Amino acid sequence: DAFQIPDTFSQICAVDFGWGHPFAFVHLAHDRFKDIMYVINAWKIEREMPSQHCTRIHDSLPDLDWVPIAWPHDGLQTQKNGEKTIEMYRAHHVNMMQNSARFHDDTGGRQSPEEQVADIQQRMAFDRIKVFRSNHKWFEEKRRYHRKDGKIVAIDDDILKATFYGSMMLRHAISKSEMKMHRAMKNKQVMEYDPLDNFINR
């Protein structure tokens, strides 16, 4: 069941870019003390432009513009207008992280699908992932997710992929308490630089 996310839970969002398939978005919260990841919001849309995706993201995150958003390596692809996909979203003030989703900060590019699946399977095995009941599309994709001849069938898995990216970057999630503390310290000008700006967009 849904509940109010405590200020101490860290938060992160993630997207799966969609051109020939739906664009997907997930919002995750993490109870660091129990290491439980919550999928609190998940949706996907078809046949809309990046500017429309950005509007929907902003609508999904009222007063949460500080939450970092993870994204896959294909966001670095250059579109016909010469602009990289990720820059199209940053231009609309969406808080995309600096680097694409990766298990290790120094190893970017395409990440192993098997490792992504194993990450979530391990959470499921130890009851360390919980999904708000309202996320019907998440459950629909989970029920359809399967293998054929031992290989993962990557069809209609847009929300799950976004979940993989968010889980992959969970170590960079931040809490509302951390954000408030950072802003309070910044306002008092006790720091000569702004570490959280880099932290949020890593």
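User: What makes the pair His172 and Asp105 a polar contact between side chains?

Analyst: In this predicted model, the side chain of His172 lies 3.0 Å from the side chain of Asp105 in a polar contact. The cut-off for such a pair of N or O atoms is within 3.5 Å, and the value of 3.0 Å therefore meets the distance limit.

User: Where does His172 lie, and why is His172 called buried?

Analyst: His172 is in the loop between H5 and strand E8 (174-175). Its relative accessible area is 4%. Buried means under 20%, so His172 is classed as buried.

User: Why is H4 called roughly perpendicular to H5?

Analyst: The axes of helix H4 (residues 136-144) and helix H5 (residues 158-168) cross at roughly 100 degrees and come within 8 Å. Angles of 65 to 115 degrees count as roughly perpendicular, and H4 is therefore roughly perpendicular to H5.

User: Which residues of H4 and H5 meet, and what classes do the residues of this contact have?

Analyst: From H4 come Lys137, Trp138, Glu141 and Lys142, which meet Asp158, Ile159, Leu160 and Thr163 of H5. The contact of H4 with H5 contains four charged, three nonpolar and one polar residues.

User: How do you know that H3 is also described as roughly perpendicular to H5?

Analyst: Helix H3 (residues 113-125) packs against H5 at an angle of about 80 degrees, and the axes are 10 Å apart. The range for this description is 65 to 115 degrees, so H3 is roughly perpendicular to H5. On the H3 side the meeting residues are Gln116, Val117, Asp119, Ile120 and Arg123, and on the H5 side they are Thr163, Phe164, Tyr165, Ser167 and Met168. By class, five are nonpolar, three polar and two charged.

User: How many residues does the largest nonpolar core have, and which element gives the largest share?

Analyst: The largest nonpolar core has 48 residues, and Val15, Phe23, Ile57 and Met96 have the most contacts inside it. H5 supplies the largest share of this core, with six residues. Apart from neighbours within four places in sequence, Ile57 is in contact with Val15, Phe23, Phe25, Trp43, Ile69 and Val94. There is also a second, separate core of seven residues, among them Ile5, Ala29, Ile36 and Tyr38. As general background, nonpolar side chains tend to be buried together in soluble globular proteins.

User: What makes Ala29 a buried residue, and which residues does Ala29 touch?

Analyst: Ala29 is in strand E2 (residues 23-31). Its relative accessible area is 0%, and the limit for buried is under 20%; Ala29 is therefore buried. Not counting residues up to four places away in sequence, Ala29 touches Ile5, Phe9, Ser10, Gln11, Ile36, Met37, Tyr38 and Ile40.

User: Why does Ile45 count as buried?

Analyst: Ile45, found in strand E3 (residues 36-45), has a relative accessibility of 11%. This value falls under the 20% limit, so Ile45 counts as buried. Leaving out residues up to four places away in sequence, Ile45 touches Pro22, Phe23, His53 and Arg56. Ile45 and Lys34, 11 residues apart in sequence, are 33 Å apart in space from C-alpha to C-alpha.

User: Is Asn135 buried or exposed, and what does Asn135 touch?

Analyst: Asn135, in the loop between strand E5 (129-131) and H4, has a relative accessible area of 3%. Since buried means under 20%, Asn135 is buried. Asn135 touches Val39, Ile40, Asn41 and Ala42, with residues up to four places away in sequence not counted. A polar atom of the Asn135 side chain lies 3.1 Å from the backbone oxygen of Val39.

User: Why is Asp63 called exposed, whereas Asp127 is called partly exposed?

Analyst: Asp63 has 73% relative accessibility. Exposed means over 50%, so Asp63 counts as exposed. Asp127 has 47%; this lies between the limits of 20% and 50%, and Asp127 therefore counts as partly exposed. Asp63 is in the loop between helix H1 (50-60) and strand E4 (69-70), and Asp127 is in the loop between H3 and E5.

User: What is the phi of Asp63, and what is the phi of Asp127?

Analyst: Phi of Asp63 is near 65 degrees, a positive value in a residue other than glycine. For Asp127, phi is near 55 degrees, again positive in a residue other than glycine.

Key:
Residues numbered from 1 in each chain as written. Predicted model: local features only at pLDDT ≥ 70, side-chain atom pairs only at ≥ 80, totals over all residues. Heavy atoms only, no water. Axes fitted to C-alpha atoms, helices over the stretch in contact; angles between N-to-C directions. Helix = DSSP H or I, 4+ residues; strand = E, 2+ residues; numbered from the N terminus. Parallel < 35°, antiparallel > 145°, perpendicular 65-115°, else oblique. Contact = heavy atoms within 4.5 Å. Nonpolar A, V, L, I, M, F, W, Y, C, P; charged D, E, K, R; others polar. Buried < 20%, exposed > 50% of the residue type's maximum accessible area, 1.4 Å probe, protein only. Polar contact = N/O pair within 3.5 Å; in protein donor to acceptor, adjacent residues only side chain to side chain. Core = buried A, V, L, I, M, F, W, Y, C linked by side-chain atoms within 4.5 Å.
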